[in-house]
Structure formats: structure tokens, C-alpha cells
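Open the model in your viewer and keep the selection panel at hand. We will go from the whole chain down to a single residue pair.

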Amino acid sequence: MEKHLCSSLCLLLFLFLFPYNFAYSAKLKSDKLCSQCSTCESSKRCPATEAYPHMTGFDDTLIAGALQSDFVDPDDRGVYSVPNIKGGESKEYNAYFGWKSTSGSASGYHRFSNYMDKCSGGQSYLTVDKDGKVKLQSLSSLESLAQADWKSVNPPKKLNHRELRFWVSGSTGKCLTVFPGKKQNKRIVGVAECQFDGSNIYQLFAFRFHYHKAFCCCGVHND
């Protein structure tokens, strides 16, 4: 009798929760993204997220360029530290795919391109411009390809956890840095003299691969 009652209660609970969960996941829309950039892959399916991880700061904020966050507009070539939204957890904001990394084994440098920025005509690489500002640019527009090169440096042992790294610019020798600002939900990312002793924790970044329900283009997200 008790076993039958338990089974009945479990079934009722499932029937109650299933429509709610289905309806909630079905509500995932990307109206803002679609209104800004509707370009999408012909397959209409997202690739594996492992190939396009998110960059996060020491404080777990998201390091985002255009369309990698609802906080950054498509015509903005800057890079920012913004709230780290998880897919499906907010009715107002979405999660998106991150950065594609390519590396030259001989040089030891990496290049990062913004996977989401399909409407910028190739202005999607994380670079340092001639004035020392971090921004998204095309490789063909650079005075030197070193402006798009970044080298990874391990932090001191006390901070050598959570896969944190310094990223050193190939053109300036300075480190990628989140600068303080009045807006906590959108701080500028630039470069500054490296503090390899870890005294500036806002020069430490990590790549995260665990994102779910993240949009890869207009109307299409992974599971």
C-alpha cells in the first residue's frame, strides 16, 4: 500500500513538474540577438561548446565582446567585464557562445576570435590597437599581427588554481586587465603593466567550458 502510494505521488509530481520545465525551456528566445545579427550557420545546430569557451575574470565575471552578452551591443568593438549569466536562469538575459582559440606552437602565442560576432565583417579578434586599447578588430586591419597575439603566463602558486592565467599582449608586453569603473555591470577591459606577483587579481583570467542553454546564433541554442 505504501509502495503504491509512493509511486502515485511520484507520478503526480512528475506530471506537475514536466510541463513547467518544458514550458520554461521553451521560453528561451533570442529576440535581442536576432534583431542585431540574424546570421546563422546553415546547419541550424550549435557546435560543441568545448570549442568556444567563455573567458571569465578572477571574480567570475564574464569577459565579453559584441553579442557575447546582452550587455554589449553589436557595433561596440570594446571588450568588457559583465555579469556572468547562466543559460535558462534569467528571463531577461541569455547566455551565448564564447571565444575560438588558435595557437602557433612555435611562437607560443594564442589568438582569440569572438564566435558570436558574425555580422562584423571579420572584426572579431581580441587585439590591442595602436593606442593601447583592447578591442575587436580584423587581422587584415592590424599594423602588426602581434597586436592579436596573447601569451599565457602562470600565476604564483598561491593563485595557481581554478585554471587562472595572465594573458600578455604580443605587441605591448602588457597584461590583459579589468579596470575599475563606476558601472559594476560593465567594466572596461584593457592592458596594463603586468603584476606577475598576483598583486592585481584583475589580471587573472580563466576559460570555462561548462555552459548550457547558450545561444550560438539567432534562435539556436545548445542543450
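What share of the contacts with a separation of 6 or more in the protein chain comes from residues 24 or more positions apart? The share is 58%.

**Whole chain.** Keep everything selected. This is a predicted model. The protein chain holds 2 helices and 15 strands. Of its 223 residues, 42% are buried.

**Colour by pLDDT.** The chain mean is 85. A pLDDT of 70 or more is reached by 87% of the residues. Now select residues 175-178. This is strand 11, with the highest mean pLDDT among the elements, 98. Next, select residues 2-26. This is helix 1, with the lowest mean, 41. Over residues 1-25, pLDDT stays under 50. For that stretch the model has 6 contacts beyond four places in sequence. Where pLDDT is low, the predicted coordinates should not be read in detail.

**Zoom in on one pairing.** Keep strand 14, residues 214-217, and strand 15. How do these two strands pair, parallel or antiparallel? They run antiparallel, over 2 bridges. Last stop: select cysteine 217. Opposite this cysteine, in strand 15, stands valine 220.

Key
Residues numbered from 1 in each chain as written. Predicted model: local features only at pLDDT ≥ 70, side-chain atom pairs only at ≥ 80, totals over all residues. Heavy atoms only, no water. Pairing = 2+ DSSP bridges. Helix = DSSP H or I, 4+ residues; strand = E, 2+ residues; numbered from the N terminus. pLDDT = per-residue confidence, 0-100. Contact = heavy atoms within 4.5 Å. Buried < 20%, exposed > 50% of the residue type's maximum accessible area, 1.4 Å probe, protein only.
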